[in-house]
Number of protein chains: 2
Amino acid sequence: MKTVKTIQDVCECIAGWRRDGLSIGFVPTMGYLHEGHQSLINRAAENDRIVLSIFVNPMQFGQNEDLASYPRDLERDSRLCEENGVDLIFYPEPEEMYGADFCSYVDMSVLTEELCGLSRPVHFRGVCTVVLKLFNIVTPDRAYFGEKDAQQLAIIKRMVKDLNINVEVIGCPIVREMDGLAKSSRNTYLNTEERKAALVLYGGIQIGKKLIKDGERDAVALIKEIKGYIEKEPLAKIDYLKAVDAMTMSQVEKLDRRVLVAMAVFIGKTRLIDNFTFDFEDETINYQKGNGPKD
Amino acid sequence: MKTVKTIQDVCECIAGWRRDGLSIGFVPTMGYLHEGHQSLINRAAENDRIVLSIFVNPMQFGQNEDLASYPRDLERDSRLCEENGVDLIFYPEPEEMYGADFCSYVDMSVLTEELCGLSRPVHFRGVCTVVLKLFNIVTPDRAYFGEKDAQQLAIIKRMVKDLNINVEVIGCPIVREMDGLAKSSRNTYLNTEERKAALVLYGGIQIGKKLIKDGERDAVALIKEIKGYIEKEPLAKIDYLKAVDAMTMSQVEKLDRRVLVAMAVFIGKTRLIDNFTFDFEDETINYQKGNGPKD
């Protein structure tokens, strides 16, 4: 495994693999890797070579967000990568990605106007721009993203289609702790009390799934029930909790298509996200699979 | 020479050439080709294969602009391409380029905020977005743009650098009519009287170059002189006339770096652009070369 910090070093490595006719899988991350990332790396083993990037992208953080405190541990990340068969880590400094006169951006309408786009207005410009840059640098055949960031995944897929980017984007199921909390680098911010309180996200998802199984088809009623449950937890403060069209991210009233139920909840100062999707059209609940508890 | 209308047909053709290890030159156009385009095609012959796109891109036209009336003549364009060694014409319909749910855009700050960006606010979003799409479809080694659209050229170069697009962008000198008018598809809009009046653009450039030769280093004085000359023509109405930094497109007061003097002038209802650059740092005026009259 090689770790490089410059775009040129990545390109040289990729060019060699391309000459040998090798396929490339790519896992873009912000580091502080956990089992969620590990599942992406393991899936990426369907390619001849695996590239993983670690870049805490300043452009996708708002002014009052956790850019400075975002957890970092390259040594631990490198070990996890090595053990899971990553061939190349790209670990650039911000200056390598954004020159002083940088002024080009990828913007998206529609899909960015709900959920995280509302509470983090600059977030998806940063995500789209850095992902396009990384795609152009790594030129992967396939790229892997977690379904925990469901809106991000939908946005990346839309960008790839709209801008004719030659990469297959693959979403991978949410990986959970044994008690159901979705794995996240930000879980490290939680103290013992908050860690317990954070279970309301998964609890709310369980309630939502049960209501749908029992026949609920009204989005407003569904959201109201989940909201009531989460609000009972004093440490929890809902940022958003919505049922949206899984393709367009626009809010729905009736549960009559493929719907994403997504939430962002502050537990103390830590903002956590979670979600589940279901497709009413074929009556199948798409349970998020993982190593957590079974429904 | 082949002419195709779908992205898939382009990709199949390109994939075959790539398998054979051939290099690809790309000339993106809006059609109604003239000697300016021809000079780009001829330069593109430094590649093994030449792709030319003809697409009157709706996204780069404002509401009150000439999208509907923009001149088109595929038969004539095909002949010119065939004669000049183009291997593939990509001639898509708008629906092929923009699906109904299209919502991804490339935006740029700084460079788009002056000149054409001021009078055509949506223009460069459209240009950047379609050029990125075309680059991703054609995957050229080199792409060729005219220096007549000096701001566009600077913007494309900046986008390629910022977004790590793997293509070499090559600017080619303005080609002029024998009397000095810059070749443009829009010249076809001009009646006999307007065609004569349109010479004020080149006349203004001649005056600007002479002033600089004679030692003028004050941008305001330079622009004032050129403006006075153009305004004597009753059919001419200046949209903009500015001296800007050739890299950032921001207005300059002193002529002390590489400066672009650019203008857009309405002749009747037809908006024409022209420009020249000079580099005060090495005291060399970069005359726009072409088949027009010599200075």
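Which strands of chain B does helix H2 (residues 35-44) lie across, and at about what angle does the helix run to S6(B)? In this predicted model, local features need pLDDT of at least 70, side-chain atom pairs count only at pLDDT 80 or more, and totals for chains, interfaces and linings use all residues. Residues are numbered from 1 along each chain as its sequence is written, chains are lettered from A and ligands numbered from 1 in the order in which they are written, and side-chain values use heavy atoms, with hydrogens and water left out.

Helix H2 of chain B lies across strand S2 (24-29), strand S3 (49-54), strand S6 (142-146) and S7 of chain B, and runs at about 155 degrees to S6(B). Here helices (H or I, at least four residues) and strands (E, at least two) are DSSP runs numbered from the N terminus, and angles run from 0 to 180 degrees between N-to-C directions, the axes being lines fitted to C-alpha atoms, for helices over the stretch in contact. Helix H6 (residues 123-138) of chain B also packs on the sheet, where it touches S2, S3, S4 and S6 of chain B, and its direction makes about 150 degrees with that of S2(B); contact means heavy atoms within 4.5 Å.

In chain B, an open sheet of 6 strands has the order S1-S4-S3-S2-S6-S7, with parallel pairing, where two strands pair if DSSP finds at least two bridges between them. Strand S1 (2-4) and strand S7 (168-172) of chain B are the edge strands, each pairing on one side only, and neighbouring strands of this sheet are turned by 25 degrees against each other on average, direction ignored. S1(B) is joined in the parallel sense to strand S4 (residues 88-90) of chain B over 3 bridges, and B:Val4 has B:Phe90 in S4(B) as its bridge partner.

In chain A, strand S6 (residues 142-146) and strand S7 (residues 168-172) run parallel and are joined by 5 bridges, with A:Gly146 opposite A:Cys172 in S7(A). From S6(A) the chain crosses through helix H7 (residues 150-162) of chain A to S7(A) in a right-handed β-α-β crossover, that is, with the strands pointing away from the viewer, the path from the first strand over the helix to the second runs clockwise.

For "binding site", an unreviewed UniProt entry lists A:Gln60 and A:Gln152; although spread over 93 residues of sequence, they cluster in space, the largest C-alpha distance being 11.6 Å. UniProt positions are given in the numbering used here, feature names are shortened, and annotations may be inferred rather than shown by experiment. A:Gln60 lies in the loop between strand S3 (49-54) and helix H3 (74-83) of chain A, whereas A:Gln152 is in helix H7 of chain A. A:Gln60 counts as buried because its relative accessibility is 8%, and A:Gln152 counts as buried at 17% relative accessibility, where buried means under 20% relative accessible area, exposed over 50% and partly exposed in between (1.4 Å probe, protein chains only).
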